[in-house]
Amino acid sequence: MYNIKSRFLRVFLLAGLVAVSLGSTSTALATEEGLLSLHYDVTGKRLFKIEANQLFQRTDEGMAWNAIPLPEDVTEGQLLAVSVPYTDSQTLYIAGTSIGVQRSTDNGETWQELSANLPSREVTALTVHRRQDETLYAVIAENGIYQSEDAGNTWKKMDSGPSQKVNRLVHSDMEGSMQTGWLYAVSDDAVRLSMDCFCGWRPTGELDAGSVYDVAYSLDNPKRVYVATQQGLWRSETGGQEWQPVAGDGTVLVALTLSPKGTLYGLNQKGKLLHSEDEGQSWTYPDA
Amino acid sequence: MRKRWFFIASWLTLSVVGVGHAMAEGRPSSNDTPQLDDGKKVYRQYCASCHGTQGEGMPNWQQQNSRGELPAPPHGPEGHTWKHSNAMLYRIVAEGWRDPWNKTDRLTMPAYQEVLAPSEIRDVVNYLKTLWTQEQRRHQADESEQAPFPESSVATPE
């Protein structure tokens, strides 16, 4: 009897240890991945990277990442998003938790806080409208999605957002919206989509690929959408209605963006930049 | 006699205050009552069969049905009608609508521009506003500032 009890206790403790270690591993991964972000500036033909609470830029033909000076209070929070208007490459927007939304109109020389009209500085995602340089969307944690139509000076709550935490937000000018476009919201479990009138979030097609990290779409053909997942890259030709896995080399990316020429750029879990010229089938290090 | 004048004066004062208060909150005012009645009649005749007599919409309206179409949404606070500007709501009623992800090509929301006069479309949209909360009416009024009803739908004073 003692043996049975003892064995049961040992198995129970072992199972507990495994569960705890698995849990901490997945939390660590999620935290590491959350630190990384990538954004392509169409006008300036350059890439922005967020890594370890810093913002870097490089031209798409250049080799080195250069740090952009950030406001001092960024160190108190977690930098999560950078977005650039599509026709004004001097203006940068950054956002993050305990950072709010901040804007620079001189490529990072000076910054202005834009959170006065927001309910908190806990911003988890930010995007600029594809066609309207002064229209922004910011996701406030446990609150909802706010829109500004005056470059961030004033904000208005538009929606409570998906019930899941939104890690990335991307505006698209894909046709078919009642308003001016669509918003892709990336959560850990899925990509969701809403017209930018916020008349309901719809799940995109079945995506049985583990954690979801990032989404990007083709500027020339917005119905072509890529999503970076724990199990590699998936593609849709229908705006996300259906997804197909991209048959490739199995590269896992945690951040993704697309240039107008069709070059896909991604960051791996270590923050290394990769690019693909064949729609995500093969990836190489541009620095190599 | 004095009492009667007191009641009339009180009623007028309360009416003025009430209308002002309603306008400030974006609530349709009592001046709109005949138009709201007209809008309600239009709603009952053309819209209620799909959207429900109380604007409750169809069951499971957020999911495609067996035909692959999104069912008619509710018009009350739980729906999203209040998120659209006057211009957009007018357009949807006039020109019809289908969700771009529907599996069929037909307009699930039929076009009514050949059936209803412009003023009737405006009246039915204004009637829908009576189904919303004050906050929703304010939000929709803000959205409509830059996107009002088309001028052709604005009734000319008699």
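Which residues of chain A does UniProt list for "domain: Sortilin N-terminal"? The legends below begin with this stretch of the predicted model.

**Figure 1. The stretch of chain A annotated as "domain: Sortilin N-terminal".** In an unreviewed entry, UniProt lists residues 101-166 of chain A under this name.

**Figure 2. A:Asn107 in a loop of chain A.** The loop that holds A:Asn107 lies between strand S7 (100-104) and strand S8 (112-113) of chain A. The backbone angle phi of A:Asn107 is near 55°, which is a positive value in a residue other than glycine. Is A:Asn107 buried, exposed or partly exposed? There are 15 C-beta neighbours inside 10 Å of A:Asn107, so this residue counts as partly exposed; a buried residue would need 20 or more, and an exposed one 12 or fewer.

**Figure 3. A:Glu142 in the loop between strands S10 and S11 of chain A.** Strand S10 (136-140) comes on one side of this loop and strand S11 (144-148) on the other. For A:Glu142, phi is near 55°, again a positive value in a residue that is not glycine. A:Glu142 is exposed because 11 other C-beta atoms lie within 10 Å, and the limit for an exposed residue is 12 or fewer.

**Figure 4. An open sheet of 3 strands in chain A.** The strands are arranged in the order S21-S22-S23, and their pairing is antiparallel. Why is one side of strand S21 (255-258) and of strand S23 (273-276) left without a neighbour in the sheet? Both strands stand at the edges and each has a single partner strand, so one side of each has no neighbour there. From one strand to the next, the twist averages 20°. In general, the strands of a sheet pair through backbone hydrogen bonds, in either a parallel or an antiparallel manner.

**Figure 5. The pairing of strands S21 and S22 in chain A.** How many bridges join S21(A) to strand S22 (residues 264-267) of chain A? The two strands run antiparallel and are joined by 4 bridges. Within this pairing, A:Leu256 stands opposite A:Gly266 in S22(A).

**Figure 6. The helices of chain B.** Chain B contains 5 helices and 0 strands, and from the N terminus on its elements run α-α-α-α-α. Of the 158 residues in chain B, 22% are buried. Among the contacts in chain B with a separation of 6 or more, 61% are between residues 24 or more positions apart.

Key. Residues numbered from 1 in each chain as written. Chains lettered and ligands numbered in written order. Predicted model: local features only at pLDDT ≥ 70, side-chain atom pairs only at ≥ 80, totals over all residues. Pairing = 2+ DSSP bridges. Axes fitted to C-alpha atoms, helices over the stretch in contact; angles between N-to-C directions. UniProt positions renumbered as here; feature names shortened; annotations may be inferred. Contact = placed C-beta atoms within 7 Å.
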